[in-house]
Amino acid sequence: VYYHEPLETREVPVNPNTLVVGGGIAGIQAALEIAASGHKVYLVEQSPSIGGHMAQLDKTFPTLDCSACILTPKMTLVGSHPYIELLTYSEVEEVSGYIGNFKVKIRKKARYVDEDRCTGCGLCITKCPWKVDSEFDAGLGKRKAIYTPFPQAVPNIPVIDTEHCAYFLKGTCRACEKVCEAEAIDFEQQDKIVEVEVGSIIVATGFQVFDPTPIYQYGYGRLDNVITSLEFERLVNSAGPTDGEIVLKDGSEPKTVAIIHCVGSRDKNYHAYCSRVCCMYSLKYSHLIKEKTNAEVYQMYM
């Protein structure tokens, strides 16, 4: 048996700050709990507002409580918390360092709206003449070329979509600039690189809805009234494009509704694993459909 003297070790202090990547309900809750302990949190979200997919939902399973009623108070608290620095419309570009001491570069994308000057009055959005499909409404509704994703957005500061703004495409319009009394519109604004130092990083980047278009037999994108789960959430939401009415493309109420489980799941051509959500999800949808219509509901599963 050999005994050795312990090697000399040097203690390196752990940075108490935390970076949370993703501003959905998971990232929001993580940020609030860490901030409640008195530690600094940097919350990074790639969209113009925090809230994530939960902000799009109508009700949550199993209690069918209002999703916004649970989420929006937390969003407001994040937006005003002294220990949380909110970096929306931003993306992590580089992480270096080691456990306990990371250096992170974050690209804060240009909104073309001065966050310090903007009062959130929304006049620029009202006067913008250009409309495009709304990502928040899953393409079922429209938004303006300058927009906030939804009325309760945090921060409540618009962003200009350069892909659809007439000024960036043709050098014309500037209607938003003309009506902004706070002079917050800044077409010359540039992206900024923000560097932060943190001791730990929480990745809460959420999920993407599976695109069923390639599965031809289900008819998504080919047949009217075949929609995804997220599109149904916007359809049934009282703040959605139909004011919560479950209607077909022609505006009539459906007489029968089929809910197809496992689309893209447990399928070697797409995802071999079970999604683990669609059983409960589909039961929630049955409740909502029966609550709002007289339709017969059929559950179709493997």
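Ala, Val, Leu, Ile, Met, Phe, Trp, Tyr, Cys and Pro count here as nonpolar, Asp, Glu, Lys and Arg as charged, and the others, Gly among them, as polar. The model is predicted, and local features need pLDDT of at least 70, side-chain atom pairs count only at pLDDT 80 or more, and totals for chains, interfaces and linings use all residues. Residues are numbered from 1 along each chain as its sequence is written, and side-chain values use heavy atoms, with hydrogens and water left out.

The protein has seven helices and 15 strands, where helices (H or I, at least four residues) and strands (E, at least two) are DSSP runs numbered from the N terminus. Its C-alpha atoms fill a box of roughly 80 × 70 × 35 Å along the principal axes. Of the 302 residues, 40% are buried; buried means under 20% relative accessible area, exposed over 50%, and partly exposed in between (1.4 Å probe, protein chains only).

On a 1 Å grid over the protein atoms alone, a cavity is a set of points where a 1.4 Å probe fits but cannot get out, and a pocket is an open set with protein on both sides within 12 Å along at least five of seven lines; lining residues have an atom within 4 Å of a point. Grid points are joined across faces, edges and corners, and a volume is the space filled by probe spheres set on the points. The second largest pocket has a volume of about 240 Å³. Its lining is made by 14 residues, and K108, V113, E115, Q189 and K192 lie nearest the centre. By class, that lining divides into three nonpolar, three polar and eight charged residues.

The count of cavities of 30 Å³ or more comes to one. The largest cavity holds about 80 Å³ of space. It is lined by 13 residues, of which C128, W130, C165, C173 and C176 lie nearest its centre. Its lining has 12 nonpolar residues, no polar ones and one charged one.

Side chains of opposite charge can pair when their charged atoms come close. A salt bridge is counted when a side-chain nitrogen of Lys or Arg is within 4 Å of a carboxyl oxygen of Asp or Glu. The structure holds 14 salt bridges. One of them joins the side chains of K59 and E291 at 3.2 Å, N to O. This pair links distant parts of the chain, with K59 in strand β3 (residues 59-60) and E291 in helix α7 (residues 278-292), 232 residues apart. E291 counts as partly exposed because its relative accessibility is 48%.

A salt bridge also forms between D133 and K142, at 2.7 Å, N to O. D133 has a relative accessible area of 44% and is therefore partly exposed, while K142, at 56%, is exposed.

The side chains of D224 and K249 meet in a salt bridge of 3.4 Å, N to O. D224 lies in the loop between β13 and α6 and K249 in the loop between α6 and β14 (256-260), so the pair ties together parts that are 25 residues apart in sequence. K249 counts as exposed, at 66% relative accessibility. Elsewhere, salt bridges that share partners join E93, R107 and D191 into one network.

The loop between β13 and α6 also holds N225. The phi of N225 is near 70°, a positive value in a residue other than glycine, and N225 is partly exposed at 44% relative accessible area. Y218 has its place in the loop between β13 (200-203) and α6 (229-236) and is partly exposed, at 32%. Together with I260, Y298 and M300, Y218 makes a nonpolar surface patch of about 370 Å². Patches are made of residues with over 30% relative accessible area and no salt bridge, with like charges joined within 9 Å and nonpolar side chains (Val, Leu, Ile, Met, Phe, Trp, Tyr) within 5 Å. Accessible areas come from the Shrake-Rupley method with a 1.4 Å probe, and for residues only the protein chains shown count as cover.

R276 is found in the loop between β14 and α7. Its phi is near 70°, a positive value in a residue other than glycine, and R276 is exposed at 75% relative accessible area.

F61 and P62 are joined by a cis peptide bond with omega of about 5°, and P62 is found in the loop between β3 and β4 (65-66). V154 and P155 are joined by another, with omega of about 0°; P155 lies in the loop between β10 and β11. F150 has its place in the loop between β10 (146-147) and β11 (159-160), and is buried at 8% relative accessibility. F150 and G240 are 90 residues apart in sequence and 9.8 Å apart in space, C-alpha to C-alpha.
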